[in-house]
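Thanks for coming, everyone. I'd like to walk you through one structure today. Please have a look at it first.

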Amino acid sequence: MVTGTIMSSTNGQDSIRVLDPALLSLLVCPETKSPLEYNKANSELISRQAGLAFPVIDGVPVLLADQARALNPDD
């Protein structure tokens with residue numbers, strides 16, 4: 001089921017955020033229309049082709065180029 005947000009589940013005391021794979025399969029980079037990768041550690045959606053990382057804020061992907069950060073070579 002596509003929910004449009006990141007689902008949050010609790011495992012003991014730790015809260016784990018997991019991106020719904022069905023949602024990720026529908027989302028594309030707004031600049032290049034290429035697939036996005038989810039970076040759970042930084043809570044970002046990565047567009048390798050555009051060289052941008054789009055934030056996920058409160059479980060909502062923010063796919064606005066002016067809100068994205070440029071990727072570093074280390075990313």
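Let's start with residues 1–16. Here pLDDT stays under 50. The model has 30 contacts beyond four places in sequence for this stretch. Remember, this is a predicted model. Strand S1, residues 7–11, has the lowest mean pLDDT among the elements, at 44. S7 has the highest, at 97. The protein as a whole averages 81. And 76% of the residues score at least 70.

Now to strand S5, residues 52–57. How many of the 6 residues of S5 are buried? The count is 5, so S5 is largely enclosed by the rest of the structure.

Who pairs with S5? Take S4 to begin with. S4 and S5 run antiparallel, joined by 4 bridges. Leu45 stands opposite Phe54 in S5. The two strands form a hairpin, with 4 residues between them. Look at Gly51 in that turn: its phi is positive, about 70°.

Next, strand S6, residues 60–61. S6 pairs with S5 over 2 bridges, again in the antiparallel sense. Val56 has Pro61 in S6 as its bridge partner. This is a hairpin too, with 2 residues between the strands. Asp58 in the turn has a positive phi of about 50°.

Then S7. S5 and S7 are antiparallel, with 2 bridges. Leu52 has Ala70 in S7 as its bridge partner.

On to charges. Side chains of opposite charge can pair when their charged atoms come close. How many salt bridges does the structure hold? There are 2.

One joins Glu44 and Arg69, with the closest N and O atoms 2.8 Å apart. Arg69 is partly exposed, at 29%.

The other joins Arg48 and Glu37, at 3.2 Å from N to O. Arg48 sits in the loop between S4 and S5, while Glu37 is in strand S3. They are 11 residues apart. Arg48 is partly exposed, with a relative accessible area of 46%. Glu37 is partly exposed as well, at 39%.

Last stop: Asp20. It lies in the loop between strand S2 and helix H1. Asp20 counts as buried, at 12% relative accessibility. A polar atom of its side chain lies 2.9 Å from the backbone nitrogen of Ala22.

Note on methods. Residues numbered from 1 in each chain as written. Predicted model: local features only at pLDDT ≥ 70, side-chain atom pairs only at ≥ 80, totals over all residues. Heavy atoms only, no water. Salt bridge = Lys/Arg side-chain N within 4 Å of Asp/Glu carboxyl O. Buried < 20%, exposed > 50% of the residue type's maximum accessible area, 1.4 Å probe, protein only. Polar contact = N/O pair within 3.5 Å; in protein donor to acceptor, adjacent residues only side chain to side chain. pLDDT = per-residue confidence, 0-100. Contact = heavy atoms within 4.5 Å. Pairing = 2+ DSSP bridges.
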